[in-house]
Amino acid sequence: MDVPAGLKIAMCTSEAVPFAKTGGLADAVSSLSLALAALGHEVKLIMPRYYGISRDKLKKLEGAMGVPMGGGEEWCAVYTAVLPGPEEGGKKTKNPVVVYFIDHEQFFGRDGIYGSSFEPDFLDNPRRFAFFCRAAFQLCRKIEWEPDILHAHDWPAALAPVFLRYGERRSAGEPGSFANTASVLTIHNLGYQGIYARDNFSYTRLGWDVFYQAGFDDWNMMNLLKAGINSADKLNTVSPNYARETLTPAGGVRRDGTLRYRGGDYSGILNGIDTAVWNPAQDKYLPAPYSAANPEGKAKAKEALQRRFGLPETPELPVIGMICRLSDQKGIGELFGPSYGSAWSICREMDLQFAFLGSGEGWAEYEISGLASRLPNFKAYIGYNEELSHLIEGGADFFLMPSRYEPCGLNQMYSLAYGTIPIVRNTGGLADTVQNYSQETGEGTGFMFDDLTPSAIYNTVGWAVWAWYNKKKDIEAMRLRGMKEDFSWNKSALRYVELYKSALKR
Ligand code: ADP
């Protein structure tokens, strides 16, 4: 098959900034789409229109769209918008990424993307996302656009490659046949696989032979990501090191065998960061711009952060920043666990300040609020706040990420770009992006530890704080080294193009 020069790429995703976000997936999908468009590819992004995305600023496509589901058909509307991206010389880009929102009141007209605080995983999620994936094909037919690549992200979109392989890809020549479309599935986090009762399988409209052939079965349940892994033409995850880890029983979350089976088609491509949004030289949330060449503005950001969090505005004390979803993946048990977590001793015994931003599991929110009320040098904001996240990245001296596992991790890359030295566990994408400090040579960009234990976190934060007070030159050199690294999407977008081309040669 000839590989076209400018590819037509359909991104199927449940999240994309600035429209809907629970984590790094949303950042990655949008910035990858923009980077591919900048390379001259035609990218369309397909996602649900959740209740929180106002219809006011969207354009409605004419007519309703029928989507075959289960034994019948569901009807929905489609809205469009342009994915906001950097402007070229003050002008709008010539090759915009168009977003298509699938609008279905019953499935998506509610608060929450996957669940709410009362119902963390909506009961009808298999039905909602089966509908969404089927709708992606109907949409392409409606707008008479056949993509070269169908790029699905994580379990909510994992049915799209399954549908393509089992039914939607028909003989060439038929209208809307997808005969030349290849599929790519990106796993942003193997910890979430979309596992539901198998009674839900009827919504997929696939036969029971496909249930077994595509490998949906998972201990008498239905596993959407597993079927996607088996069906996509090519697969990848978001860092080379995490790709290796997921092939082992320790890191494979019961999918290591499935992934090993697809070994030749599976790789790791490091996420980039959106340098238009995450750039201290032009960050609208910082009091003053700064860069590796002119780093003075960082002190102002530190002062602003201390003021904002109610910490004494002293430049002498190191500030440890942390931003995260409060979930077990992030090592929060070892850090904040009642009585055994090390945050209490870190703040009690070391001369530092700690600024935390995040939300998630109730017990952790409770513990963190408790620490904030008892420790004068520990301040926390429980909730989601874009502005504060920029202020922490800019104003902190160190950034703590003691993750149990980390497919790629964006915050450590933001930290490096902002001259904020990461303190991270040696795992997943953290190991690909941070180099451990060497006291002998002064080399490195961060502080790393291997075991996830409260004492390893304590000791490594202690090491970083020791270096802050005793190795000032090394700390300054590490900051600048991190700021000079290139974490933009340029390299990674090209690697995705290579992956697409190899998928087309299936
Ligand atoms: P994950 O996707 O596992 O949550 P990442 O580090 O890859 O972790 O990405 C997390 C993204 O979400 C980052 O952009 C981070 O700044 C952002 N984020 C997480 N929690 C919050 C919060 N409470 N407020 C603002 N941004 C947050």
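Student: Which ligand atom lies 2.6 Å from a backbone N or O atom of Gly-24?

Tutor: It is an oxygen atom of the ligand. A polar contact is a pair of N or O atoms within 3.5 Å; within protein, one must be able to donate a hydrogen and the other to accept it, and residues adjacent in sequence count only if both atoms are side-chain atoms. Before going on, note that this is a predicted model: local features need pLDDT of at least 70, side-chain atom pairs count only at pLDDT 80 or more, and totals for chains, interfaces and linings use all residues. Residues are numbered from 1 along each chain as its sequence is written, and side-chain values use heavy atoms, leaving out hydrogens and water.

Student: What lies 3.0 Å from a polar backbone atom of Asn-385?

Tutor: A nitrogen atom of the ligand does. Asn-411 uses its side chain instead: a polar atom there lies 3.2 Å from a ligand oxygen. The protein covers 93% of the 570 Å² of accessible area that the ligand has on its own (Shrake-Rupley method, 1.4 Å probe; for residues, only the protein chains shown count as cover).

Student: How many residues surround the ligand?

Tutor: There are 20, each with a heavy atom within 4 Å of the ligand. Among the closest are Gly-24, Arg-325 and Lys-330. The shell holds 6 nonpolar, 9 polar and 5 charged residues. Here Ala, Val, Leu, Ile, Met, Phe, Trp, Tyr, Cys and Pro count as nonpolar, Asp, Glu, Lys and Arg as charged, and the others, Gly among them, as polar.

Student: Which element gives the most to the shell?

Tutor: Strand S14 does, with 3 residues. Helix H1 (24–38), S14 (319–326), strand S15 (353–360) and helix H15 (411–417) each supply at least two. Helices (H or I, at least four residues) and strands (E, at least two) are DSSP runs, numbered from the N terminus.

Student: Why does the ligand lie between domain 1 and domain 2?

Tutor: Both domains give residues to its shell, so the ligand lies between them. Domain 1 spans 8–272 + 489–505, and domain 2 spans 297–483; the bounds come from an automatic or database assignment. Their C-alpha centres lie 33 Å apart.

Student: In what order do the 3 strands of the open sheet stand?

Tutor: The order is S9-S11-S10, with antiparallel pairing. S9 (195–197) and S10 (217–218) each have a single partner strand, so one side of each is left without a neighbour in the sheet. Two strands pair if DSSP finds at least two bridges between them. S10 and S11 (residues 221–223) pair over 2 bridges. Asp-217 stands opposite Met-222 in S11.
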